[in-house]
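I set out here what I looked up in this structure, entry by entry.

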Amino acid sequence: MMSTTQYASFKSRPLYGTLSPVSATAHLVVAEGEGSEAVKTLVASASAEFLDNATLIYAKGSGPEDATDAMQALGFKRFHTSATATASLPRLNAALDRLRMGTQIYLTGNESALSLFVKACADAGQDYQGLQTEHHGSLARRMQCVHCKGITENVTTQPAECAHCGLLLLVRDHYSRRIGAFQGVNINAEDPADVPAKEEMF
Amino acid sequence: MGSTASLPKFRDETYRDDFSFRNSEQSVLRAPFPFDKDSYMYAVNMELHQRTGQLNSAFNEPFDVDEHYLAEMRDRALVLDEDPLRYQSLPHMEMAGWDTLELLMTHKSQSYPESFSLTRNGHDWHWINRPMGIDQHFRFGDATTLPYSPLEYITRQAQGDYVVLDERQGNLWMDAGMVTTQADWSLDFDIGMNFYEWHAPVPLAHEKGIFDRALKYLLAVQQSNPARRLNWTMTVNPRLDTSPENFHKWGPENTHVTPENVADKLFLRIELQSFWRLPRSNALLFPIRCYFLSMRDISTVPKWGARMHRVLKTLPPELASYKGLDNFRQTAVDWLSQHDDGQPTTPGAQPD
């Protein structure tokens, strides 16, 4: 339920809400980095039975803090840990493969991690509108270069260089859930000699 | 509709490199000029897709075939050779692909029986496309009997882009398409999006409620009543493939328009969009057919020359920017001014 947002905007840009426990046959919680805060709040507001049928996949992420111990201490029935959101994907995919009917999925972390998690769920046939999401941490973007199709991770500047073909790209707000990335389009195609300065933006 | 039109002689021309594309005089006059008054703003300008009174027009047949047919199909094949992602179909869209194939084959053979023929014997179908030299026996519903998926197969033989929209949850989802003649949007990026999402980059129209009303209209389109609307932008050189994928290659041309070359180098790019409910899949087929008129072509019709001048001159700046006209709008306005006598124009878009 991507219902509320603090990032007003663009119709294709994902909106994130607040995780809140619902009645379900099982619960799959996937968290990255500072998303650990959302997991703590979720568990604190859940009924006593919540954890009995719940799985937590936690990726520490690239930030300085490591909430792995705190996450383990919450007492989820199943707990997997990973170094990064990307590294957590094989286990997330395995969990999605064996998901029981009626399982609620909760996703939290930074913008890039949420992109990856939502894409993994969609690829597994989950309707994105049934997912709960909550954003914590960086707004750094995954960006797809519309020209070479390469994905650049952790884009924080506007414009930004494509890590694959090297073109200088305007990072648009246009977002593809299927690709899990914002669109990057060559910013100085009309005049390659005009090279705008990069600004920290995301 | 359903006359037995004969096709004109196909021009041997290109939409790239030397840009030898030209319109015959007839081709100019039959174009679906998009301006029915002297100014332009977004509107839900939908109407039933029917013939008009005009003897020879792009609206004569449900799927117009014109003198540019073979050149456009050659250009599509070149685009697909370079970038197969321009055709995509999500797995649940195969039935809609067969629906599309049936619709196009049926109408083409009814409209132009000298050029196209379809013979059905149960599921065994025989398709002949004489202009392209194609003679194909296949089994309807069995994709292994065609050289491509049904949607790719038939849209390699039909002018215009084709987007197939799945209907669910009260929305339309762009779940398949053949897109090689687009005004700067990417099927590869937009596939899987809903109606509001793929229109996200369009300025002003969301706030005006245009997309709410358009979606309502489209959801109500029934099999027997296809609809259409016109859209437009401008393109430097008659380049069909103005894709974002290749923007870094064609973008520099946007700065090449001068007062000396504007008449023949700058084109009004008209999109004849139509909307067809498909019978088995209940999907909506959305063909987007592109017509080019150079500024000189437009000036040969006095009413159009004057109107083009007024529309361009008064276009809201954010719309001009979104359409990518900033580099050459003033040059075009200046050139067109000699074709505007300042007198009132007659109602409607057709030539006087």
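Predicted model: local features only at pLDDT ≥ 70, side-chain atom pairs only at ≥ 80, totals over all residues.

The cut-offs I applied are under 20% for buried and over 50% for exposed. I then located Asn225(B) in the loop of chain B that runs between helix 7 (210-219) and strand 8 (227-236). I also checked Asn225(B) against Leu48(B): their C-alpha atoms are 6.6 Å apart, although 177 residues separate the two in sequence.

Entry on backbone geometry, chain B. I noted a positive phi of about 65° at Asp184(B), which is not a glycine. Asp184(B) sits in the loop between strand 7 and helix 5 (187-190) of chain B. Its relative accessibility is 39%, so I recorded Asp184(B) as partly exposed. Gln169(B), not a glycine either, has a positive phi of about 55°. I placed Gln169(B) in the loop that links strand 6 (161-168) to strand 7 (171-178) of chain B.

Entry on backbone geometry, chain A. I found that the peptide bond between Gln158(A) and Pro159(A) is cis, with omega about -5°. Pro159(A) belongs to the loop between strand 8 (157-158) and strand 9 (160-161) of chain A.

Entry on helix packing, chain A. I examined helix 3 (residues 85-97) and helix 4 (residues 111-123) of chain A, which pack at an angle of about 25° with axes 10 Å apart. Because of that angle, I classed helix 3 of chain A as roughly parallel to helix 4 of chain A; the cut-off is under 35 degrees. I noted the crossing of helix 3 and helix 4 of chain A as right-handed. Helix 3 of chain A contributes residues including Leu89(A), Leu92(A) and Leu96(A) to the contact, and helix 4 of chain A contributes residues including Leu116(A) and Phe117(A).

Entry on nonpolar cores. Which residues touch the most other members of the largest nonpolar core? Within that core of 65 residues, I listed Trp232(B), Met234(B), Leu268(B), Met295(B), Met308(B) and Leu312(B). I followed up Met295(B): leaving aside neighbours within four places in sequence, its contacts include Met234(B), Val262(B), Phe267(B), Met308(B) and Trp335(B). I also found a second, separate core of 34 residues, with Phe63(B), Met105(B), Trp127(B) and Ile154(B) among them. As background, I noted that nonpolar side chains tend to be buried together in soluble globular proteins.

Notes. Residues numbered from 1 in each chain as written. Chains lettered and ligands numbered in written order. Heavy atoms only, no water. Axes fitted to C-alpha atoms, helices over the stretch in contact; angles between N-to-C directions. Helix = DSSP H or I, 4+ residues; strand = E, 2+ residues; numbered from the N terminus. Parallel < 35°, antiparallel > 145°, perpendicular 65-115°, else oblique. Left-handed = near helix turned anticlockwise from the far one by under 90°. Contact = heavy atoms within 4.5 Å. Core = buried A, V, L, I, M, F, W, Y, C linked by side-chain atoms within 4.5 Å. Buried < 20%, exposed > 50% of the residue type's maximum accessible area, 1.4 Å probe, protein only.
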